[in-house]
Each structure stands twice: as structure tokens, then as C-alpha cells.
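The following exercises are to be worked through with the structure in view. Each one sets a task and then gives a solution in steps.

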Amino acid sequence: MKLLLAVVLGIGTLWGAEVVEVGDRFKNSRSCKACHLHIVKGWEGSWHAKSHYQNDEYFQATVDYLSRKTRRSSNGIQVECATCHNPRISVTEAGMDYEIAAVMELDKGSKVNQALQSDVISEGINCVVCHNIDKIHDELDETKRGIHRVEWTPSGVMSGPYEDAKSPYHKVVHRDFMDQNPNQLCLVCHANDRSFEGLVFTDMQSELQDGSQKCVDCHMGEKERGVAATLKIDHGKAKEREIRSHGFKGAHSTEMWRDALNLDVKKAGQEIAVTISNPQPHNIPSGFGARELVLVVEYKQGMKTLKSDTLSLTQSYESKRKKPTIPHLAEKMGKDMSIPANGKRVIKLPAVGGTTSVEVSLFYRLVNDEVRSILELKDPIWSEKKFIASTILKL
Ligand code: HEC
Ligand code: HEC
Ligand code: HEC
Ligand code: HEC
Ligand code: HEC
């Protein structure tokens, strides 16, 4: 009986998110510059550095739209998004009490407002997000992400890839998810992104076809010789190490898109067959909803264009009221048009009489027309077409 009770209690005390305060000496990347300037510079150019409400127009517009549509406070929603976008926040949920206080304008000075205004989170996903993760609780269910999946080290203890590092500024601990198994770290947040209705609109964890391929190999680059710290700790010199770049280059980087997918065009009877194949281990588009591939097909006779078609390969989202909406309010989504991981999609188009060549080009856009117009996004980066590949079929 006692044993049974212990088992029941054991299950009852499953691990839950705990906040660990970040000391002033560690909270901003500025404090790391004296010895890790090259790393801080790399990270500053990444979109991890822009994941905060103030720094990403798309994120901000999404939060504001959600707040209007659900009649909840923007702050309450920001706390929910902070799970992955600002995981060092000092509150893990806002709750109904806060919503009531916010409506009555009694929220000034509340814990939630203080947490959102704190400069601990203003840098978004900074050094002390990844390097203060102590444990990743993969035994928890799929929906627990970000804050709810990790345990933090005490302030000032940096988890890193090396077994033998020493630093005069902070303590260090080696962790396998910084070295042997880094996908575990990335999938703390890059998985199970879901709408308020519980619809999972992206899950890179289940997409990942070849688990032996590491996210860091492509998004932080191959390991190279360099220094982890510029401090002269090795006989009057900085210590040489195997390092990676902290640029986390991805969907926002034009140069990453060139040849990310392969294009092939063939004549198949009365049709033109365009094959888009994806050599990457995850779907494309992936990552966030409403991303888009744009296929432009030009039918030519000599130099003259007879006809031009533009096809959009994207995802559409439908709200509870069956209206077009943004990913976070979707109850249902349309047919998945992405190119599967290590797979392909064939698109057949009718041939046009008199054509002597068919020119096909493929582009990528961060936000499709529908969601861009719902959110009224202004910055041209959201609609800009990034070139992926092109090819010509001579007939
Ligand atoms: C999104 C997670 C993430 C963020 C944010 C991040 N790092 Fe890292 N960092 C890593 C990973 C993963 C490695 C291990 C790379 C490897 O060697 O495979 C690493 C490695 C390092 C190393 C060892 C040397 C190297 O480059 O491999 C240092 C030092 C370091 N990071 C410092 C920083 C500092 C300073 C910041 C803030 C400007 C920062 N990191 C932000 C994930 C992160
Ligand atoms: C006074 C210099 C100094 C400052 C400031 C400093 N570090 Fe370090 N850090 C080091 C040295 C030295 C090492 C060890 C380098 C080596 O062994 O190659 C190191 C190693 C690391 C590692 C790798 C640990 C491992 O075990 O793999 C991480 C991660 C790291 N620092 C993060 C940070 C962060 C984040 C900050 C800012 C909050 C910071 N450091 C500030 C000197 C510094
Ligand atoms: C704490 C949560 C978290 C962790 C851990 C994390 N990411 Fe991210 N990542 C994000 C968020 C949130 C964004 C989007 C930020 C934005 O666009 O405002 C993002 C964006 C990215 C992007 C897109 C950049 C672009 O230009 O579009 C890449 C690539 C990326 N992360 C790779 C990684 C890799 C590789 C790792 C593991 C080493 C990792 N991330 C770990 C939350 C995380
Ligand atoms: C073999 C290389 C490779 C590996 C491994 C890889 N990626 Fe990618 N990823 C790419 C390429 C190429 C693109 C398309 C260009 C871009 O966005 O960088 C991409 C795109 C992305 C995007 C933007 C997706 C979109 O369609 O908008 C995110 C986010 C991302 N990767 C995260 C990850 C994460 C997280 C992992 C590990 C689970 C990972 N990647 C593993 C190569 C890779
Ligand atoms: C499970 C972790 C997680 C949660 C919770 C989360 N996000 Fe994200 N979000 C991500 C990751 C990872 C990315 C980067 C994917 C990519 O770049 O393709 C991202 C990217 C985005 C983007 C695209 C940004 C860009 O620059 O292209 C928007 C917008 C966004 N999230 C809005 C939100 C909002 C609003 C909330 C809260 C209601 C939220 N997210 C909650 C993980 C999360």
C-alpha cells in the first residue's frame, strides 16, 4: 500500500517549469563581449536576437491581432509566446486574475508587467537561454516546449560543448546537447508549434527524416578551427578550439535559399512536368506557418513570352468561423503544399501550343499574400522573393 502511494505521488510530482533569476553580470550579451566578441557579433545578426516583441514586426503584428480577436490582453499573450520567444521571463503564465486586472487597468506594477518590461528578456533568445539550459525533459509530452521543457543552471554557470573549459568570469559545465546531440537543444522550441485551437501547424521533430543530420551542421555551419574565447588562457595565447558560427542563418537569409531545392522540367505527353525535390532532412517550407514557395513558369517562342503562370505553394488556415486566418488562430488548415523532407512534389501543367522553350524559376517568401494582408505587414522583407533555382526546357 505504501509502495503504491509512493508510485502515485511520484507520478503526481512530475517536473514543472521553474524560474531561475539571471544575475546582472550575465543577462545581456554585452557582458560576454570582452572575451567572446566574435560570437556576440554573429548572434546579433541572427533572428534569435530578434525574437522579442519589439524587434520583429511579424511577431508583434501577430500578438496584436490575437489580442484583438480573442479580447485578451497583449501582455497575457506575450507571456504565452515567451515560452519559446523569451524563455528567461520571470513568470511562466499570466492567468485569469491578470486578464481581469488588465481590463480594469489595475495591472501597472504587476508581476506580469514587470516581467515583460525587464531587460533580461529584451534580447530574445540570447546567450543565457541556450547556455543556461541544464537539463532537457524529453520524457514530458509533446506539447511542453521552451520554458516548460528545460531546467536552468544556477545563474553564472554556462553549459557548453567542451569537457575541459575553464573561465575566470563564469563556471562551466559540459552537456551532451551542446555537443553529441544538439538536435535535442533545437527541438526544445522548433517543434509542436500550435494554434490557440490546439492545431499543430508545424512540427519539425516529426518531419525530421534523418535524425543523424544535425541542425547545427547547416544552420551554424561546419566545425572549424578558431577560438571560443579571446582571453589569453593558453601559454599567453588564446586557446585554439573547434568552433561553429552563431549566425543561425535560415529562412530570412537570401544566400541560404540558393539551391536549397532542386528543379527539374520534362515534357510528359501533352503536359509539362515540374519536379521540385528537397534534399534537406525537414520539409520546406517548414518552421513557421504561412511561408510560401512561388513557382514561375514562362512559355516562350524564341525571345517572345507566350504565357506566364505563377503558382503559390503554401498553406491556408481557417478559423472556427470558417474564415481565412493566421496560423495561431487556425482550427483547420488546407492541403499541405510543402516539399517533404528528402522527398519531392511533381506539378503537371498543360503544354502551350507553339512553345519552343519553357523557363521555370522557384522563389521563397516569408509570408504569403493572405496572412500578409490580414496582418497589414509593412516591411518589404515579408514579401520579397528569394531566388532558389531555375531551369529551361528546350522543346
Ligand atoms: C540557440 C542556441 C544558442 C544561442 C542563443 C547561443 N549559443 Fe553558443 N553555442 C550553441 C551551440 C549548440 C554550441 C555548440 C556548437 C558546437 O561546437 O557544435 C555553442 C557554442 C558556444 C561556445 C563554444 C565555441 C563555439 O563557437 O562552438 C561559446 C563560447 C558560446 N557558444 C558562447 C555564446 C555566446 C556568448 C552567446 C550569445 C551571444 C551564445 N553562445 C548564444 C548554442 C547557442
Ligand atoms: C573574462 C572573459 C570572459 C567573459 C567576460 C565571458 N567568458 Fe565565457 N569563457 C571564457 C573562457 C576563457 C572560456 C574557456 C574557453 C576555452 O576553454 O577555450 C569560456 C567559455 C565559455 C563557454 C563554453 C563552455 C564549455 O564548457 O564549453 C560558454 C558557453 C561561455 N563561455 C559563455 C559565456 C557567456 C554567455 C558570457 C556572457 C554572459 C561569457 N561567457 C563571458 C571567458 C569569458
Ligand atoms: C528557446 C527556443 C529556441 C531554441 C532552443 C532554438 N531556437 Fe531557433 N528560433 C526560435 C525562435 C522563436 C525563432 C524565430 C525568431 C524570430 O523570427 O523572431 C527561431 C529562429 C531560428 C531560425 C530561423 C532564422 C531565419 O533567418 O529565419 C533558425 C535557422 C534557427 N532558429 C535554428 C536553430 C538551431 C539550429 C537551434 C539549436 C542549436 C535553435 N534554433 C534553437 C527559438 C529557438
Ligand atoms: C542538411 C542541412 C540541414 C539540416 C540538417 C537542417 N536544415 Fe533547416 N534548412 C536547411 C536549408 C537549406 C533551408 C532552406 C534555406 C534556409 O531557410 O536556410 C532550411 C530551412 C530551415 C528553416 C526555415 C524553414 C522555412 O521553410 O521557412 C528553419 C526554421 C530550419 N531550417 C530549422 C532547422 C532545424 C531546427 C533543424 C534540425 C531539426 C534543421 N533546420 C536541420 C538545411 C538544413
Ligand atoms: C513551441 C515554441 C513556440 C511558441 C510557444 C511560440 N513560437 Fe513563434 N516561433 C517559434 C519558432 C521555433 C519560430 C521560428 C520558425 C521559423 O523561423 O521558421 C517561430 C517564429 C514565429 C514567427 C515568424 C517570425 C518571423 O520573423 O518570420 C511568428 C510571427 C511567431 N513565431 C509568432 C508567435 C506568437 C504570436 C506566439 C504566441 C502566441 C508564438 N509565436 C509562440 C516557436 C514558438
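Predicted model: local features only at pLDDT ≥ 70, side-chain atom pairs only at ≥ 80, totals over all residues.

**Exercise 1. The position of ligand 4**

**Exercise 2. The surroundings of ligand 4**

Task: Describe the shell around ligand 4 by its residues, its polar contacts and its helices.

Solution. 

Step 1. Around ligand 4 there are 23 residues, of which Cys215, Cys218, His219, His282 and Tyr364 come nearest.

Step 2. Divided by class, the shell has 13 nonpolar, eight polar and two charged residues.

Step 3. Next come the contacts of single atoms. A polar side-chain atom of Tyr364 is 2.5 Å from an oxygen atom of the ligand. In the side chain of His282, an N or O atom lies 2.9 Å from a nitrogen atom of ligand 4. Ala251 takes part through its backbone: a polar backbone atom of this residue is 2.9 Å from an oxygen atom of ligand 4.

Step 4. Two elements give two or more residues to the shell around ligand 4, namely helix H10 (215–219) and helix H11 (254–257). The largest share, three residues, comes from H10.

**Exercise 3. The iron atom of ligand 2**

Task: Identify the protein donors of the iron atom of ligand 2, and classify the arrangement of its donor atoms.

Solution. 

Step 1. The protein donors are His36 (NE2) and His170 (NE2), which lie 2.0 to 2.1 Å from the iron atom.

Step 2. Around this iron atom, six donor atoms subtend angles of 86 to 178°, and the arrangement is therefore octahedral.

Step 3. The two histidines are then placed in the chain. His36 belongs to helix H2 and His170 to the loop between S3 and S4, so the pair ties together parts 134 residues apart in sequence. The strands on either side of that loop are S3 (157–160) and S4 (171–174).

Step 4. Is each histidine buried or partly exposed? A residue counts as buried under 20% relative accessible area. His170, with 18%, is therefore buried, whereas His36, at 22%, counts as partly exposed.

Step 5. The side chain of His170 also forms a polar contact of 3.3 Å with the side chain of Ser167.

**Exercise 4. The surroundings of ligand 2**

Task: Describe the residues that surround ligand 2 and the elements that supply them.

Solution. 

Step 1. Ligand 2 is surrounded by 23 residues, and the closest are Cys32, Cys35, His36, His170 and Arg241.

Step 2. The classes in this shell are 13 nonpolar, seven polar and three charged residues.

Step 3. Two side chains are considered for contacts. An N or O atom in the side chain of Arg241 is 2.8 Å from an oxygen atom of ligand 2, and one in the side chain of His170 is 2.8 Å from a nitrogen atom of the ligand. From Tyr162, a backbone N or O atom lies 2.9 Å from an oxygen atom of ligand 2.

Step 4. H2 and S3 are the elements that give two or more residues to this shell. S3 provides the largest share, three residues.

**Exercise 5. The iron atoms of ligand 3 and ligand 5**

Task: Name the protein donors of the iron atom of ligand 3 and of the iron atom of ligand 5.

Solution. 

Step 1. The site has six donor atoms with angles of 86 to 180° among them, and it is octahedral.

Step 2. His190 has 40% relative accessibility and so counts as partly exposed.

Step 3. For ligand 5, the iron atom has a single donor from the protein, His85 (NE2), at 2.2 Å. His85 belongs to helix H4, residues 74–85.

Key: Residues numbered from 1 in each chain as written. Chains lettered and ligands numbered in written order. Heavy atoms only, no water. Near = heavy atom within 4 Å. Polar contact = N/O pair within 3.5 Å; in protein donor to acceptor, adjacent residues only side chain to side chain. Helix = DSSP H or I, 4+ residues; strand = E, 2+ residues; numbered from the N terminus. Nonpolar A, V, L, I, M, F, W, Y, C, P; charged D, E, K, R; others polar. Donors = N, O, S within 2.8 Å, 3.2 Å for Na, K, Ca; no water. Tetrahedral: all angles 85-135°; square planar, octahedral: opposite > 155°, others 65-115°. Buried < 20%, exposed > 50% of the residue type's maximum accessible area, 1.4 Å probe, protein only.
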